[in-house]
2 protein chains.
Amino acid sequence: MTSRKPHPDAVDRPTIEQIQSRILNRICETQYKPGDQLKEAVIAQEFGVSRTPVRDALSRISHLGLVETRNGVGTVVIDLPRERIEHLYEVRFELATLIGKLSPVEIQDHHIAEAREIDAWARRLAKDENSTEYVALNQRLKTLVGELIGNSILRDLWNQSYYQAASVWHRMTEAVGAQAYEHLQRETSELLAAIELRDIAAVGYIQRVHIGYGYQLIRKHLWQDED
Amino acid sequence: MTSRKPHPDAVDRPTIEQIQSRILNRICETQYKPGDQLKEAVIAQEFGVSRTPVRDALSRISHLGLVETRNGVGTVVIDLPRERIEHLYEVRFELATLIGKLSPVEIQDHHIAEAREIDAWARRLAKDENSTEYVALNQRLKTLVGELIGNSILRDLWNQSYYQAASVWHRMTEAVGAQAYEHLQRETSELLAAIELRDIAAVGYIQRVHIGYGYQLIRKHLWQDED
DNA sequence: GGAAGCACAGCTGTATACACGAATCAGCTT
DNA sequence: AAGCTGATTCGTGTATACAGCTGTGCTTCC
């Protein structure tokens, strides 16, 4: 009988998580800027699905506090208030220390290999600036660091707060330009050294230092007029 | 003209957040136990709404890792693996210290009043055990501590991890009985003392101590056979 | 000319119908 | 009798229609 795969017009519909991820990236890339309203119908048509999965994706994103959907209006991208950004950096600053403290993992060879690739990419980017690749590289860095966090709960919190921080950070890098690329390259090279030494605590401290440095940059460039 | 009233009997439909909160509480109260499958249709009928808002609520809860919805099966309550519970307590143990460290708030008179009421309630409960009220009191305690966390991001993470911990904790209190009520009463009285002194750092340390103590209880009663 | 009110257009919130996936059980084969 | 297979049933995943809310621009009245 060979029940043939029906597959009338087998459109490979994107899954909800893919939609969610794509939208999140667009917010982090500042393709969607604070104040923009994301209309479910538009996104739905763009992805070739109905509003239902898009609604679901947006609803999940709203947990991060990056968007807020208002009845009759749309889902608008939030402009994080300064206080919240301060709190965010304070928390990430402290969480960074915990990376090497809670359930440290053993660094594997493939971690080292990945760190080398990332560092090489960062060097290339420092010469040939490209904001899209900059975002992608940061994501890859986030993934690597995430794999080095042995405590699963901490890893979740870390990743979660990453997206909130990234949306602010990438909005700022557009203003500072080359400085951001240099900064990233320094971070990857320090990280590579720590990983090659299989020193997980150092990884955490390096993250801590660069979070602190990033916060100073934000204070200087985003809030210079308010102080 | 016939009365074109759109909705004469305007039933006040529960909002998505109310549904979400109710379901979460049921998981924490262990009314929904690990392995149970929550069927959208059943919950929808119970709340007098369609599946759509229920789906939304469940989808939001799923990000806490307490439930997982599988296609064709249902939304099942997760039995948190031991490792994850360990990680959870590790993280909350560390987060507790940050309560008094990051953006400390000034304790107000109404905080003291609330702490007194909570402590009085805990004393009553210690004599007249009641598991439903026990859960409710813990929630009220969570709310109070949350108001004392000045860092908004930390507060979010704290509350978020609360629900994960509560579902495990309340499942255990059924086993230990009176000991849990005594423990809670000690916690509230210590907390009251710290709050009356307007010592926010002490609040954090007290939480830390009791999280550590709670973890010991879990190790003893839930995993005694595995060690 | 200005301000208040009203109608309209567009978006989200909800309900419902249908498609698809998974598990179970009866009936057949071995 | 045991194991496999196919149909049935019940669940979630998706699409769509409609109801409700909101902001806006026009009209109208002062």
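Here is a short tour of this structure, stop by stop.

Before you click anything, note that this is a predicted model in which local features need pLDDT of at least 70, side-chain atom pairs count only at pLDDT 80 or more, and totals for chains, interfaces and linings use all residues. Residues are numbered from 1 along each chain as its sequence is written, chains are lettered from A and ligands numbered from 1 in the order in which they are written, and side-chain values use heavy atoms, with hydrogens and water left out.

**Stop 1: both chains.** Show chain A and chain B together.

**Stop 2: where the chains meet.** Now select the contacts (heavy atoms within 4.5 Å): 25 residues of chain A touch 26 residues of chain B. Chain A and chain B bury about 2,400 Å² between them, 54% of it on carbon and sulfur atoms; buried area is the accessible area (1.4 Å probe) that two parts lose on being put together, summed over both. There are 4 salt bridges across this interface (a side-chain nitrogen of Lys or Arg within 4 Å of a carboxyl oxygen of Asp or Glu). Zoom in on A:R84 and B:D156, a salt bridge whose closest N and O atoms are 2.7 Å apart. Helices here are DSSP runs of H or I, at least four residues, and strands are runs of E, at least two, numbered from the N terminus.

**Stop 3: two domains.** Stay with chain A and colour domain 1 (16-77) and domain 2 (82-222) separately; the bounds come from an automatic or database domain assignment. Their centres, over C-alpha atoms, are 25 Å apart. Select A:C28, A:T30 and A:L64: in domain 1 they lose the most area to domain 2, together 52% of what that side buries. How many salt bridges link domain 1 and domain 2 of chain A? The count is 0.

Stop 4: Finish on chain A's open sheet of 3 strands, in the order 1-3-2 with antiparallel pairing (strands pair if DSSP finds at least two bridges between them). Strand 1 (37-38) and strand 2 (67-70) are the edges. Strand 2 and strand 3 (residues 74-77) pair over 4 bridges, and A:R70 sits opposite A:G74.
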